[in-house]
Amino acid sequence: MLQFYFLAILLNLITGLILIYADIFSDDLESTDNTDAASKVAAGSGKIQEMLSNTAFFKNKTFLIVTGILACFTGMMKLLSVVRNDIPVIGDLLPALAGLFGGFAVVVAYYRLSAAEKPLLPDFVNNVFVKGHKYIGIFCIVAALLHFVFPGVLFF
């Protein structure tokens, strides 16, 4: 369905931007008291970081949980639905996986932000979805752009 095609592109792009630029994992930074330019670059701050981290959407917990759940749902539906005589499951594999991984990473971030005390996550979840959130965000953006530019190519 074309609706899920559009939703996959949109939600993967939004989820990737959230995972890369939002301050939802800010407690993972080793040193936040240094304010010189080198530490800001190392922490990933810049003009895009400042613009997106000051946006009310990225600080809103409701927006985070809704985006995460919708990204996971759209990823599941991309695995099950077929667009234009495409090959089932394999035809939209990368956008579906990006939606599932990105959505789960945003839901984990929401869980960490909402918990009264710091939750203990399994090592696999902590290493992949918390420490590697920027890599998942890059994967989501690349999958969204490739899915938009090459709609009929296998795996995109």
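Contact here means heavy atoms within 4.5 Å. The model is predicted, so that local features need pLDDT of at least 70 and side-chain atom pairs count only at pLDDT 80 or more, while totals for chains, interfaces and linings use all residues. Residues are numbered from 1 along each chain as its sequence is written, and side-chain values use heavy atoms, with hydrogens and water left out.

**View 1. The fold of the protein as a whole.** The protein has eight helices and zero strands, where helices (H or I, at least four residues) and strands (E, at least two) are DSSP runs numbered from the N terminus. Read from the N terminus on, its elements follow the order α-α-α-α-α-α-α-α. Of its 156 residues, 36% count as buried, a term that means under 20% relative accessible area, with exposed meaning over 50% and partly exposed in between (1.4 Å probe, protein chains only). Among contacts with a separation of 6 or more, 80% are made by residues 24 or more positions apart.

View 2. Gly 102 lies in helix 6 and counts as buried because its relative accessibility is 0%. When neighbours within four places in sequence are left aside, Gly 102 is in contact with Thr 15, Leu 19, Ile 136 and Cys 140. Gly 137 is 35 residues from Gly 102 in sequence, and the C-alpha atoms of the two are 6.7 Å apart in space.

**View 3. The packing of helix 1 against helix 8.** The axes of helix 1 and helix 8 are 7 Å apart and the two helices pack at an angle of about 150 degrees; axes are lines fitted to C-alpha atoms, for helices over the stretch in contact, and angles run from 0 to 180 degrees between N-to-C directions. The two helices are therefore roughly antiparallel to each other, given that angles under 35 degrees count as roughly parallel, over 145 as roughly antiparallel, 65 to 115 as roughly perpendicular and the rest as oblique. Their crossing is left-handed, which is to say that the near helix is turned anticlockwise from the far one by less than a right angle, clockwise being right-handed. Residues of helix 1 in this contact include Tyr 5, Ala 8, Asn 12, Gly 16 and Ile 20, and those of helix 8 include His 133, Gly 137, Ile 141, Ala 144 and Phe 148. By class, the contact of helix 1 with helix 8 has 13 nonpolar, six polar and one charged residues, with Ala, Val, Leu, Ile, Met, Phe, Trp, Tyr, Cys and Pro counted as nonpolar, Asp, Glu, Lys and Arg as charged, and the others, Gly among them, as polar.

**View 4. The packing of helix 1 against helix 5.** Helix 1 (residues 2–21) and helix 5 (residues 61–80) have axes that come within 9 Å and cross at roughly 135 degrees, which makes helix 1 oblique to helix 5. Helix 1 passes helix 5 in a left-handed crossing. Among the residues that meet are Phe 4, Leu 7, Leu 11 and Ile 18 in helix 1, and Phe 63, Leu 70, Phe 73 and Met 77 in helix 5. The contact of helix 1 with helix 5 comprises, by class, 13 nonpolar, three polar and one charged residues.

**View 5. The two sides of helix 7.** In helix 7 (residues 123–130), the residues Val 125, Phe 129 and Val 130 are buried. Seen down the helix axis, these buried residues fall within an arc of 80 degrees, so they line one face of helix 7; the arc is that of the directions from the helix axis to the C-beta atoms. Their cover includes helix 6 (93–114) and helix 8 (133–149), whereas Asp 123 and Phe 124, on the other side of helix 7, are exposed.

View 6. Ser 114 belongs to helix 6 and, at 35% relative accessibility, counts as partly exposed. Ser 114 and Lys 61 are 53 residues apart in sequence, with a C-alpha to C-alpha distance of 8.0 Å. Asn 60, in the loop between helix 4 (56–59) and helix 5, is partly exposed, with a relative accessible area of 35%. Asn 60 is 50 residues from Tyr 110 in sequence and 9.7 Å from Tyr 110 in space, C-alpha to C-alpha.
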